[in-house]
Amino acid sequence: TLTPELCFNASGFVSHYLEPERDRLCPHTVDSHHRFMNVCDGLDHITTMTMQGIPSDIPRQVLNLRLKVLSVCWTEKPYHSGEIEFPSEIPFFQEICNLYEAERGLPPNSTAAVNLWKVQPLRFDRARAEMMLAMRAHGLSSSMGGIAATMGVNAPVTPAGAAVVALASQFSSLLFNHASEVVRGLRNPDEFAPLSLTANVCCADMRTGHVLISRPEAWRANLMLADMARFYGASRLVYGGCKTQAKTIASVQSASERFADMLTGFYAGATTFYSLGSISEPQGINSAVQLVIDNELAGILKFLARPVPLDEEAMGVEAVLEQGHDPLFLNSDHTAAHFRDTTWCPSVFLGGEMVDHWLTHGGRTEIDAARDRALELWRREPRLVVSEACHAAMLKVVEKAGRTL
């Protein structure tokens, strides 16, 4: 029952990034945030974004509000900024959303929603409960989300035990959100939303205690969750990995961990993938060059997900008979008719050329090609997607909040 459409999310809940020209480690700023959004906007397979860096040049008390402004003013792609954490932020958050809604002709408060995460897989703490009540007092919606089950930390170290905790956490959140919508008259008691489950079990490195995602221990538990998604008839399976412990993009480990994670999720039936562009678990940094490479990997998965025709023309029996026992299909009409639909053409990965030809033309690697593309997108001037007046009005709300919070 899983949909074949694939979605890819670029994530960056991180304080530092690799500057794309020389891979220097730099603290995030508003400008770097804009630049990462430029890169995401220019990559065809990046579907959505999640906070492209935590800017160090924004005061902490207005960080959430300023990130909300960034998320709605500088990209047309769906962008989740992390939203807000404290009841005192709600009036300003609502005002920013209302300005955006008026600009786009949307119903009031239609975008002013916040997802509040549990602090443990089975615990929704008092502070978040009070935040949820405060949101509803302002006429705004909020939902309960869950954190990942981590093997050996907040879940049993066994794959089966971690899968049990992950399922209990997700179903408790889904049932709570359903009951909340029923109470508010938004849904009938017997009208359930399509089931979406997430395979995002982590594991603790038993040598260091650090929490990691893209590890074979976690893959096994996530494969079990994928089986459970099919068992329960889920319409969507989200895969939360696609990270690496490698500290540089020029790493065999980076490529093997990331793509092994993505393929594990893909062959298990996942349709949404997170954390593209991120490296260096557990603390994490993001890289525009890595984002371009990950976009290439996403393109491979989308190519694999395309249905394979099985009609008579696709099977090519007539073409085989025509070529006979000493065939050369390069010059056949059948190849000319179908090669564009069946060939994957890389954007940054190396094509099928001989090594002497490659050396003659400079011996450039896929990282060189990805860096060129990343710098091209990085250097573009950021473009507002709302009017300057709307953007200025939002910034005035942030300034007012800075004087109050």
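A residue is called buried under 20% relative accessible area, exposed over 50%, and partly exposed in between, with a 1.4 Å probe and protein chains only. The model on display is predicted: local features need pLDDT of at least 70, side-chain atom pairs count only at pLDDT 80 or more, and totals for chains, interfaces and linings use all residues. Residues are numbered from 1 along each chain as its sequence is written, and side-chain values use heavy atoms, with hydrogens and water left out.

Begin with Cys-73. At 0% relative accessibility, Cys-73 counts as buried. Select Cys-390 next; because its relative accessibility is 7%, Cys-390 is also classed as buried. A disulfide requires a pair of cysteine sulfur atoms within 2.5 Å, and by this rule there are 0 disulfides. For Cys-73, the nearest cysteine sulfur is that of Cys-390, 5.7 Å away, and Cys-73 is in no disulfide. Cys-390 is likewise in no disulfide, its nearest cysteine sulfur being that of Cys-73.

The protein chain has 14 helices and 15 strands, where helices (H or I, at least four residues) and strands (E, at least two) are DSSP runs numbered from the N terminus. Along the principal axes, its C-alpha atoms fill a box of roughly 80 × 50 × 50 Å.

Colour by burial next: buried residues form 46% of the 405 residues in the protein chain. Finally, display contacts, meaning heavy atoms within 4.5 Å. Of the contacts in the protein chain with a separation of 6 or more, 72% join residues 24 or more positions apart.
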